[in-house]
Each structure stands twice: as C-alpha cells, then as structure tokens.
Amino acid sequence: SSAVGEPLTLARMSDGRILLNTMAGEPSIGVFDSTGAFMRRIGRRGGGPGEFVTIGRFRVTGKDTLRIFDISASRMTVLMSSFALVETRQVDVTRTGDLEMLADGRIVTAQIAGSGLPLHVIGKDGKMERSFGAENPKYRREDAHLLWRSIAPAGNDRVWAAPVTKYVLELWTFSGQKIRELERNVSWFKPQKQSRLNRDKPNAPPNPSLVDLRMDSAGKLWVIVHVADEKWTSGLGTVRGMYNQQVRGIADTNNYW
C-alpha cells in the first residue's frame with residue numbers, strides 16, 4: 001500500500017503477524033498477517049493511553065510484548081500480544097536512531113545527546129544511566145549525522161555499533177571500552193561525510209549507507225547496507241514534497257537502491 005512507505009521498524013510476532021511503522025503520516029503501526037495481508041492499525045495521534053505524537057522505534061520482546069517508543073513525548077507504551085494496553089511511562093528516549101531492549105529490562109540506545117557520545121544505557125526506571133561510544137567525543141551540530149549508529153546487543157554489558165557513513169563495526173562495553181573494531185575496505189563503500197544524497201554532487205549516484213545491524217541466535221552479526229543500483233536514475237521521478245509541491249526525488253526505492 002502507498003500508505004506504508006519505507007518502513008522504519010519491522011518486526012514479526014511468534015504467530016507470524018508482521019508489524020511495521022513509517023515516519024510518514026499518522027503515528028501508528030500497521031499489522032499484517034503472515035501472508036502480508038493488512039489486518040489493522042495500532043495507535044492514533046494524541047497524548048492519552050494508546051496514543052502517540054511520533055513513533056520512532058518499537059520492539060517485540062518476550063511473549064510478544066510490544067514496546068512502542070514515542071520520541072516526541074519521551075514515553076514507552078507497553079502492549080500485550082492482543083494489543084491491550086499494559087502501561088505507559090516516561091523514558092529518556094528522544095531523538096533516537098536505533099534502540100534495543102536488554103534481557104534485564106534496561107534499554108541501550110543510539111541517540112544524539114549533544115555530548116559527542118552516541119550510545120546510552122537507560123535504566124529500568126527510564127532514566128539515562130551512562131553514555132559512551134567514542135574515544136575522543138566531539139559534537140558539531142552540522143556534523144551531528146555522523147554520530148548516528150546502528151546497534152546490536154552482544155550480551156547484557158556490551159553492544160555492536162556501526163556509523164551510517166563508513167563500513168566499520170565497533171564492539172563496546174557499557175563501561176565505555178572499545179574492545180574490538182572490524183573495518184571492511186571495499187570499493188563500493190568508501191568512508192564519507194554524507195549519507196545517501198550527495199549535496200556537493202547532485203547528479204552523482206547516492207552515497208552508500210549502513211542502515212541496520214542484527215545479531216542472530218547463532219551469534220552471527222548481519223549488516224544491512226544500501227548501495228546505489230546500477231540503474232539508480234530509473235528510481236528517480238516526480239514526488240510530492242512539502243506543502244504538496246511536486247519535486248524530483250526517489251519515486252521507486254527498489255530501483256534507486
């Protein structure tokens with residue numbers, strides 16, 4: 001459906017139901033059955049129970065508990081597998097690029113806090129406990145996008161983290177020690193300062209982006225990368241921009257990446 005757009009978070013429940021959200025349109029989560037047929041939407045705009053301002057990420061945890069993070073209201077809404085409301089409470093999750101729940105109830109996030117430290121541990125009380133993730137932390141507002149990280153938990157006291165603009169994987173302990181770094185030196189992903197569109201070269205192919213990490217049950221770390229398609233220009237077209245103006249943009253994501 002055109003209402004889906006490009007998913008921000010995608011998850012599967014134990015019975016096969018598929019959940020996804022997008023930052024466009026109403027703050028809600030689409031529910032699909034195991035075949036991909038649309039079933040319903042969860043949530044609506046507002047400040048009450050089961051209502052949201054901006055849904056950033058959501059996560060499905062043990063026994064199909066759904067945890068939804070409203071990054072504009074700094075709230076976590078917890079739903080049962082039937083989507084009945086369990087609780088809504090404040091958490092220090094705001095402008096987050098990635099987020100993972102830990103087995104002990106804490107949260108590890110990748111969000112820009114202005115300190116130059118991109119990774120953060122949030123306690124069971126919803127308060128930020130510590131920040132880490134950089135050996136020489138620096139913050140410049142114009143380069144804030146360089147602090148975005150994709151993350152994948154590696155136990156209860158360490159996390160894999162990867163920036164958007166270069167193919168480097170770092171393993172950090174929550175105490176702030178970097179204990180491993182893996183770098184891929186490949187021709188199709190050179191380090192850069194801009195992800196996706198290259199503002200300095202508008203007619204050049206889009207820059208590659210590292211968009212997600214996942215650790216599977218066998219301990220393998222999966223890396224998802226966007227690279228320009230060989231015929232990336234076929235994905236461009238006229239799209240609706242701000243104030244419903246027609247602008248040139250990505251009309252077909254599958255042809256662009």
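**A buried glycine and the aromatic pairs**

Gly116 is found in the loop that runs between β12 (107-111) and β13 (119-122), where strands are DSSP runs of E with at least two residues, numbered from the N terminus. The model is predicted, so local features need pLDDT of at least 70 and side-chain atom pairs count only at pLDDT 80 or more, while totals for chains, interfaces and linings use all residues. Residues are numbered from 1 along each chain as its sequence is written, and side-chain values use heavy atoms, with hydrogens and water left out.

With a relative accessible area of 2%, Gly116 is buried (under 20%; exposed is over 50% and partly exposed lies in between, for a 1.4 Å probe and protein chains only). Leaving aside residues up to four places away in sequence, Gly116 touches Ala134, Pro137, Lys138, Tyr139 and Leu147, a contact being heavy atoms within 4.5 Å. The C-alpha atom of Gly116 is separated by 8.3 Å from that of Asn136, 20 residues apart along the chain.

The structure also holds six aromatic pairs. Rings of Phe, Tyr and Trp (its six-membered ring) pair if their centres lie within 6.5 Å; planes under 30 degrees apart are stacked, over 60 edge-to-face, and the rest tilted. Phe32 and Phe38 form an edge-to-face pair, 5.6 Å centre to centre with 70 degrees between the planes. Phe32 is buried at 13% relative accessibility, whereas Phe38 is partly exposed at 49%.

Trp232 and Tyr256 are likewise edge-to-face, because their ring centres are 6.1 Å apart and their planes stand at 75 degrees. Trp232 is buried at 12%, and Tyr256 is buried at 1%. Elsewhere, ring pairs link Tyr167, Trp188 and Phe189 into a cluster.

Key. Helices (H or I, at least four residues) and strands (E, at least two) are DSSP runs, numbered from the N terminus.
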